[in-house]
Amino acid sequence: MSGTRKLFLRAVLLVAVFALALVLGGMKRDEIIREGSHFLQGLASRESKIDVRIGKISGKLSGVIRFDEVRLEDPNLPAGMRVIFRARRVEFRYRLWEFLTKNFRAKVAVDVADPEFYWRPSVRLRSDPFPFFNWLRDLVLTQRQRLSLRVDNLTVFAGLDRRAFGGISLAYEDDHFDMRVPLRHLQFFGNDLSTEVRLGGRLEWGHLKDEDRVTGQLVTEGSVVNWQPLPFESRVDYTLTRDALSVDSSNSLGGLELSGALKLAGDAEAHLKLTAR
């Protein structure tokens, strides 16, 4: 059994025990919540090597568990830069009857409210294979057909200057995902650009790890340049693997076609072709 699956099952079992204790032992509610928070934080930190902080645990025995003020920190980063993720609320919803009857294929819905993700990209001539697939494969394949994820009002802080990109939403279920990223008043070659980027795709898992890939499409909606609506939108078809990002655009910037590949592992290489129609 993988580490991620064991962590998931331990957490679910522990949460159920705490929920039952909250109902049967009301006068010890604060103590149970405090001890449960400490235990879950220690368990998650040991499994992931990331410091996990949970401000509060609450819920209902009927099938709702809520974690408030969740924060993840990387102890290897410099002081003041260790926070990599925080969320106002992470809520798990499940059907109590299916849990009690040990129906481990039952859906578990996860809602994440007002999360913040801190991304600090680094540029190197040689890179390791894209790490996204390693933990995602372990999580998704062990909980396949069970996990339903919704993220509302995500803010990404990019770079050392922490430039904010807010209002992002994400939905995932049954190997399909849909992400919407609103971009407002970006400076693009001296022009003021506003648009909404919609990124959709499907996770395709191979028999071997090297065969894993994500395929999908990126489209823009409601594009405005210098406060004037554009008469066209852009569409990009992509394929992402552990080692490369391939792009095949059939309609970009009203008449430009972009195709090619960007190598993500080993020696950095990019082969792109831009064609005007």
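This is a predicted model: local features need pLDDT of at least 70, side-chain atom pairs count only at pLDDT 80 or more; totals for chains, interfaces and linings use all residues.
Which residues of the largest nonpolar core touch the most other members? I looked this up before anything else. They are Phe67, Val90, Val110, Val112, Phe177, Leu203 and Val214, in a core of 28 residues. A nonpolar core here is a set of buried Ala, Val, Leu, Ile, Met, Phe, Trp, Tyr and Cys residues joined through side-chain atoms within 4.5 Å. Buried means under 20% relative accessible area, exposed means over 50%, and partly exposed lies in between (1.4 Å probe, protein chains only).

Residues are numbered from 1 along each chain as its sequence is written, and side-chain values use heavy atoms, with hydrogens and water left out.

**Entry: Val90.** I listed its contacts (heavy atoms within 4.5 Å). Leaving aside residues up to four places away in sequence, Val90 touches Ile65, Arg66, Phe67, Val70, Val110, Asp111 and Val112.

**Entry: strands.** I took strands as DSSP runs of E, at least two residues, numbered from the N terminus. Two strands pair if DSSP finds at least two bridges between them. β3 and β4 pair in the antiparallel sense over eight bridges, and Arg89 stands opposite Ala113 in β4. β4 also pairs with strand β6 (residues 147–158), in the parallel sense over ten bridges. There Asp111 stands opposite Arg150 in β6.

**Entry: salt bridges.** I counted a side-chain nitrogen of Lys or Arg within 4 Å of a carboxyl oxygen of Asp or Glu. That rule gives 14 salt bridges. I then checked Asp111 and Arg93, whose side chains meet at 2.8 Å, N to O. Asp111 sits in strand β4 (residues 108–119) and Arg93 in strand β3 (residues 83–93), so this pair ties together parts that are 18 residues apart in sequence.

Is Asp111 buried or exposed? Asp111 counts as buried, at 9% relative accessibility, whereas Arg93 is partly exposed at 34%.

Arg150 and Asp152 form a salt bridge too, at 3.3 Å, N to O. Arg150 is partly exposed at 42% relative accessibility, and Asp152 is partly exposed at 34%.

Next I looked at Arg180 and Glu221, a salt bridge with its closest N and O atoms 3.3 Å apart. Arg180 is in strand β8 (residues 176–188) and Glu221 in strand β10 (residues 213–225), distant parts of the chain, 41 residues apart. Which residues do salt bridges with shared partners join into one network? I found Arg66, Glu91, Arg93, Asp111, Arg150 and Asp152.

Note on methods. Helices (H or I, at least four residues) and strands (E, at least two) are DSSP runs, numbered from the N terminus.
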